[in-house]
Amino acid sequence: MKISIKRYSSENEPSAQSAEYRLELENITLLEALNAIKTKIDPSLSFTAGCRSGVCGSCAVRVNGTEELACGYKLSDGDLIEPLGNLPVLRDLVVDTQKMLKFNALARAWSSSNSENQLLLPEQVESNELQSDCILCGACYSACPVYAVNEEFLGPFALTRVWRYVSDGREQDVREKIEAVQSQGIWDCTLCNLCVPVCPQGIAPKQDISMLRGKSGVMGFMDPNFAAGMSFSFGGGPDFGSPSGLKSPGTS
Amino acid sequence: MVDVLVIGSGGAGLVAAIAAKESGASVTLVGKSFPTRSQTSMAQGGINAAMGNVEEDSVEAHISDTLKSSQGLSSEASVRTMCEEASAAILWLDSIGVPFSRTQAGKISQRRLGGASGIRACYAQDYTGLKILHTLYDQSLKMGIETLNEHFLLNYIIEGEKDARYSCGATFLNIRTGEVVEIRAKSVIVATGGYGSLFHGFTTNSTASTGDGAAAALRAGAKLSDMEFVQFHPTALKSSALLISESARGAGGYLLNAQKERFTDELSSRDIVARAIADEIEKSGEVYLDIRHLGETFIDHELPQERKLAIAYEGLDPVIDLIPIKPVAHYTMGGVDVDETSMSCIAGLFAAGEAANQKVHGANRLGGNSLLELLVFGRQAGKNAALYAKTAPVFTAQSEQIIKDREYIQTLREAAVTMDFYEKRASLGKNFYGSAGIKRNEKRLEELLKSVQQLQEELPLMGAQDKSLVYNTNLVEFLEFTNMIELSQCLLLGAISRKESRGAHYREDAPARNDEAYGGHTLCWKEGGELHVELGEKTNEKGKG
Ligand SMILES: Cc1cc2nc3c(=O)[nH]c(=O)nc-3n(C[C@H](O)[C@H](O)[C@H](O)COP(=O)(O)OP(=O)(O)OC[C@H]3O[C@@H](n4cnc5c(N)ncnc54)[C@H](O)[C@@H]3O)c2cc1C
Ligand code: SF4
Ligand code: SF4
Ligand code: FES
């Protein structure tokens with residue numbers, strides 16, 4: 001079996017190159033292949049992993065352009081392995097995770113104030129069980145097209161995390177949570193759905209963002225794009241508005 | 001200078017950092033990876049507390065089960081503290097948003113794990129550790145705890161004279177830049193997890209569980225204890241060594257031999273079940289876990305992760321297939337020896353979680369007790385470190401440690417490598433599984449010790465082949481390997497000295513328990529470059545059973 005890995009090192013010349021590896025192994029996970037390359041062929045290959053079982057979120061990469069967990073992906077001949085997108089590459093398959101994780105704090109993705117010792121029915125817990133299955137692997141972040149135009153977008157996993165806490169029957173301060181995702185948040189998503197199929201945990205950030213929009217509407221928050229006179233400038237989407245610098249008819 | 005430096009950002013480190021911060025201390029939390037990537041994410045089964053939400057239970061029963069399983073090697077006072085604090089700890093987790101599974105009456109649901117006389121383990125589907133870890137991480141963000149990721153602990157900075165040595169920080173390799181840096185602190189908490197990765201290829205553990213914090217403690221002159229006690233989990237997937245949670249047996253799963261017959265009580269404590277399985281594999285060649293009769297609905301609801309893993313890694317579906325299993329290394333009971341305040345023998349150096357030996361698990365940990373331990377004693381360590389920092393001696397002069405460590409890393413970068421440590425790591429794992437695993441005897445242990453001592457001598461020939469500064473994981477893995485070589489000798493010396501069988505430590509050549517000679521803890525420390533091992537005083541009269 002032959003696979004290619006996109007390699008990068010700021011210390012090498014040239015810094016980026018594609019390397020091909022021939023493996024005698026069949027029916028293995030990508031992580032097993034990466035380990036085999038590192039321990040037997042080239043110890044300088046850099047990647048991260050931990051649990052081997054899809055829960056620590058360390059090993060997400062792109063295979064033939066699609067986000068996958070290395071420990072859960074069964075390798076095929078000819079696969080091309082690349083680091084996650086939308087993040088600076090530190091080395092080979094290792095990206096600047098720090099950069100995406102900062103959005104958890106910016107989105108205030110935590111329990112703000114829980115009522116003590118509250119009874120919750122199994123159905124209540126199950127209704128948002130999936131959102132707390134997130135392993136922060138970054139697959140959804142890598143797939144999101146908004147980052148091409150807006151680097152400050154809070155992004156899919158951070159917003160899913162906020163919905164987890166907002167929809168928790170114990171949360172007492174929902175308003176604080178909803179306020180935190182108005183700017184660079186739920187309204188900047190184009191609802192393109194690209195984050196959904198790549199999530200290894202079956203989470204649908206897009207849906208959670210829609211839920212947050214619904215909740216925001218109920219609480220009196222509005223889509224700023226509509227609030228600003230319907231300029232149709234959805235973040236990242238095609239701009240149907242008039243050329244910049246010109247006034248829209250009827251606004252003068 | 002920060003008040004409390006927490007090293008390791010898994011469950012124990014996060015809880016300690018939160019508690020220290022709540023106590024008013026300034027805190028820096030450092031990890032070699034990211035908090036949510038820690039091994040704590042892997043815990044599935046649950047966390048014990050005698051809440052009696054499903055069936056009547058009592059703190060006394062929890063204490064008595066824990067003592068019984070510990071086989072006389074725990075401290076009753078610590079066990080009591082842990083079990084008494086358990087319900088409050090769960091309610092705290094509930095208050096910060098951990099989404100525990102619930103009963104029909106709306107209470108936190110519980111299930112039975114092996115060795116427990118009651119239905120005692122609180123859980124969040126089979127993602128208990130994941131959900132606890134992520135919720136703790138979210139709280140650490142809320143509290144604005146300063147967190148430094150991708151920094152690998154090299155050594156603690158220790159000052160002071162012989163009997164009055166105190167910790168004042170630590171040195172780290174910044175994995176992103178290759179720089180060696182120091183962080184000065186008034187107190188240090190070690191929460192770097194266990195050393196199960198020593199059994200490379202034969203462990204359920206994360207590859208990060210390389211005992212770095214304990215090895216650094218040994219180098220710093222602290223004492224480690226009970227290092228020979230390694231728990232083997234009875235049911236890991238045969239080819240990948242991934243865990244099938246104990247709750248599969250708790251819920252009524254069967255163990256079957258090659259003839260498809262049951263051969264042991266599935267709910268006995270882990271050491272007994274693991275040995276029964278090892279014997280049966282020797283005898284009949286294969287052991288299976290059978291949960292088919294539990295039904296698809298139940299399996300999908302309570303054990304979805306297990307089903308996913310079995311399908312992905314073994315190509316078998318537990319709903320319709322028998323699952324081939326083997327016992328593998330799962331939890332390391334030994335660790336940095338700490339007193340009832342969670343402090344080691346070096347002032348200001350605390351330890352918590354799997355990195356510590358708080359003497360609650362003794363010779364055999366009960367499932368669901370380690371998440372509880374890291375909560376209760378992580379919290380205690382955080383509080384005590386904050387308190388200690390208030391009156392701690394402050395050392396501001398230049399330290400020798402950073403100079404030494406910079407030189408060491410530089411040497412590794414320049415050294416020519418003539419021997420491959422990856423190969424040695426693999427054979428070390430295999431040999432440990434074979435000779436220092438489920439069944440041990442003096443001859444094989446001695447042979448293994450010789451080969452490890454040889455490896456120690458050959459270390460200068462190994463080193464990192466990759467010479468880059470940025471994200472050099474080859475170098476990091478080599479440093480982890482050297483830590484494992486250090487700890488493996490403590491494990492072996494302990495196992496050789498302890499000429500008896502107790503809990504997870506089973507000697508074929510001394511199958512009986514011998515309280516007269518070996519009722520105490522095994523202490524291990526380094527002096528003048530030499531490893532010393534000593535069997536200490538017996539601590540607990542009541543833990544027999
Ligand atoms: C598969 C599995 C299932 C389990 N199930 C259960 C269960 O159901 N119930 C239960 O009670 N227990 C269970 N356990 C045990 C329990 O999960 C662990 O004992 C516990 O999570 C250990 O937590 P910790 O915080 O001490 O260590 P870890 O979670 O291992 O965290 C260690 C931290 O230290 C960091 N670190 C390590 N070395 C360095 C270094 N050199 N420099 C800087 N940072 C470093 C790591 O990056 C990590 O952040 C399970 C364990 C496994 C492997
Ligand atoms: S649906 Fe929204 S969050 Fe998801 S990828 Fe598209 S723009 Fe990004
Ligand atoms: S939502 Fe899914 S894809 Fe995104 S970080 Fe979480 S687990 Fe990964
Ligand atoms: S190694 Fe943990 S998710 Fe892949």
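Predicted model: local features only at pLDDT ≥ 70, side-chain atom pairs only at ≥ 80, totals over all residues.
On one side, 14 residues of domain 1 of chain A take part in the contact, and they meet 15 residues of domain 2 of chain A. The size of an interface is often given as the accessible area lost when the parts come together. Here domain 1 and domain 2 of chain A bury about 1,000 Å² between them, with 60% of it on carbon and sulfur atoms.

While you are in chain A, find Pro14(A) in the loop between strand E1 (2–8) and strand E2 (16–22). The peptide bond leading from Glu13(A) into Pro14(A) is cis, and its omega is near -5°.

Now follow chain A to a pair of helices. Two packed helices are described by the angle between their axes and the distance between the axes. Helix H5 (residues 156–166) of chain A packs against helix H8 (residues 205–218) of chain A at an angle of about 55°, and their axes are 8 Å apart. H5(A) and H8(A) are therefore oblique to each other. The crossing of H5(A) past H8(A) is left-handed. From H5(A), the contact includes Leu159(A), Val162(A) and Trp163(A), and from H8(A) it includes Ile209(A), Met211(A) and Leu212(A). Sorted by class, the contact of H5(A) with H8(A) has 9 nonpolar, 1 polar and 2 charged residues.

Chain B comes next. Its domain 1 spans 231–329 and its domain 2 spans 400–538. The C-alpha centres of these domains of chain B lie 30 Å apart. Domain 1 of chain B brings 11 residues to the contact, and domain 2 of chain B brings 7 residues. Between them the two domains of chain B bury about 740 Å², and carbon and sulfur atoms give 67% of that area. In domain 1 of chain B, Phe232(B), Asp271(B) and Arg275(B) lose the most area to domain 2 of chain B, together 60% of what that side buries.

The axis of helix H5 (residues 212–220) of chain B comes within 9 Å of the H14(B) axis, and the two cross at roughly 70°. H5(B) and H14(B) are therefore roughly perpendicular to each other. Is their crossing left-handed or right-handed? The crossing of H5(B) and H14(B) is left-handed. Leu218(B) and Arg219(B) are among the contact residues of H5(B), with Glu486(B) and Leu487(B) among those of H14(B). This contact of H5(B) with H14(B) has 5 nonpolar, 1 polar and 4 charged residues.

H14(B) also packs with helix H11 (residues 400–414) of chain B, at an angle of about 115° and with the axes 12 Å apart. H11(B) passes H14(B) in a right-handed crossing. Tyr408(B) and Leu412(B) of H11(B) take part in the contact, as do Phe478(B) and Leu479(B) of H14(B), among others. The residues in the contact of H11(B) with H14(B) divide into 6 nonpolar, 1 polar and 1 charged.

One last stop is Gln71(B), in the loop between helix H2 (59–70) and helix H3 (76–95) of chain B. Gln71(B) has a positive phi of about 55°, although it is not a glycine.

How values were computed. Residues numbered from 1 in each chain as written. Chains lettered and ligands numbered in written order. Heavy atoms only, no water. Axes fitted to C-alpha atoms, helices over the stretch in contact; angles between N-to-C directions. Helix = DSSP H or I, 4+ residues; strand = E, 2+ residues; numbered from the N terminus. Parallel < 35°, antiparallel > 145°, perpendicular 65-115°, else oblique. Left-handed = near helix turned anticlockwise from the far one by under 90°. Contact = heavy atoms within 4.5 Å. Nonpolar A, V, L, I, M, F, W, Y, C, P; charged D, E, K, R; others polar. Buried area = accessible area lost by both parts, 1.4 Å probe. Domains from an automatic or database assignment.
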